[in-house]
Each structure stands twice: as structure tokens, then as C-alpha cells.
Amino acid sequence: MSRDELENAAESIRQAADAAADDETQDRLQNQAATVDDYADADRGPDHGQLARHEHILNDIADDEGGAVATNLEDALESISAFRETVEGV
């Protein structure tokens with residue numbers, strides 16, 4: 001199973017964090033990026049439920065922030081979606 005999509009997602013989330021205007025949003029996004037990086041390096045990847053939670057959080061932040069943050073998060077969400085297609089289950 002390819003983890004490249006998760007690595008790409010984490011990088012896009014970090015870019016969104018860099019573009020965020022306030023410290024709280026930057027921290028939230030850095031935490032999301034770190035977690036997605038952990039998934040990419042783990043022996044066992046995330047399940048659909050874990051990925052859905054991240055998608056929900058990232059969509060909420062993108063809706064609140066707009067601009068470059070939203071653009072980078074859209075890229076991250078595309079990568080997460082591509083990875084989800086490789087996950088067995090639902």
C-alpha cells in the first residue's frame with residue numbers, strides 16, 4: 001500500500017499551516033500534519049474512520065480560513081481521498 005499520498009497530504013497541511021493567520025489555526029494544522037506523517041510511517045495505516053475525522057477537521061478549517069489555507073487543504077484532502085481508495089473496508 002502506497003503511503004506517498006499521506007506524505008503529500010502532510011506536506012500540503014504544513015503549507016496551509018504556514019499560510020494561516022493565527023497561532024491557534026497554525027497549531028491545529030501542525031498537529032494534523034504530524035498525525036498524518038505518523039500514519040505514513042506506521043506499520044499499519046489509518047482506517048476509514050480515522051481518515052474521515054481528519055477530513056472533517058480539515059474541511060472545517062478550510063471553510064473558516066479560505067484563501068491559501070483552503071487551497072492547500074484541498075490538495076491535502078485530494079491526497080487523503082486517493083489514499084482512502086486503497087484502504088480495505090467501507
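Leaving aside neighbours within four places in sequence, S79 is in contact (heavy atoms within 4.5 Å) with E5, N8 and A9. In this predicted model, local features need pLDDT of at least 70 and side-chain atom pairs count only at pLDDT 80 or more, while totals for chains, interfaces and linings use all residues. Residues are numbered from 1 along each chain as its sequence is written, and side-chain values use heavy atoms, with hydrogens and water left out.

The C-alpha atoms of S79 and A9 lie 5.4 Å apart in space, although 70 residues separate S79 from A9 in sequence. S79 belongs to helix 4, residues 67-84, where helices are DSSP runs of H or I with at least four residues and strands are runs of E with at least two, numbered from the N terminus. S79 is buried, its relative accessible area being 14%, since buried means under 20%, exposed over 50% and partly exposed in between, with a 1.4 Å probe and protein chains only.

The chain as a whole has 4 helices and 0 strands. Its radius of gyration, taken over C-alpha atoms, is 12 Å, close to the 12 Å that the globule rule (2.2 Å times the number of residues to the power 0.38) gives for 90 residues, so the chain is as compact as a globular protein of that length.

| Quantity | Value |
|---|---|
| Buried residues among the 90 residues in the chain | 39% |
| Contacts with a separation of 6 or more that join residues 24 or more positions apart | 69% |

The C-alpha atoms fill a box of roughly 35 × 20 × 15 Å along the principal axes.
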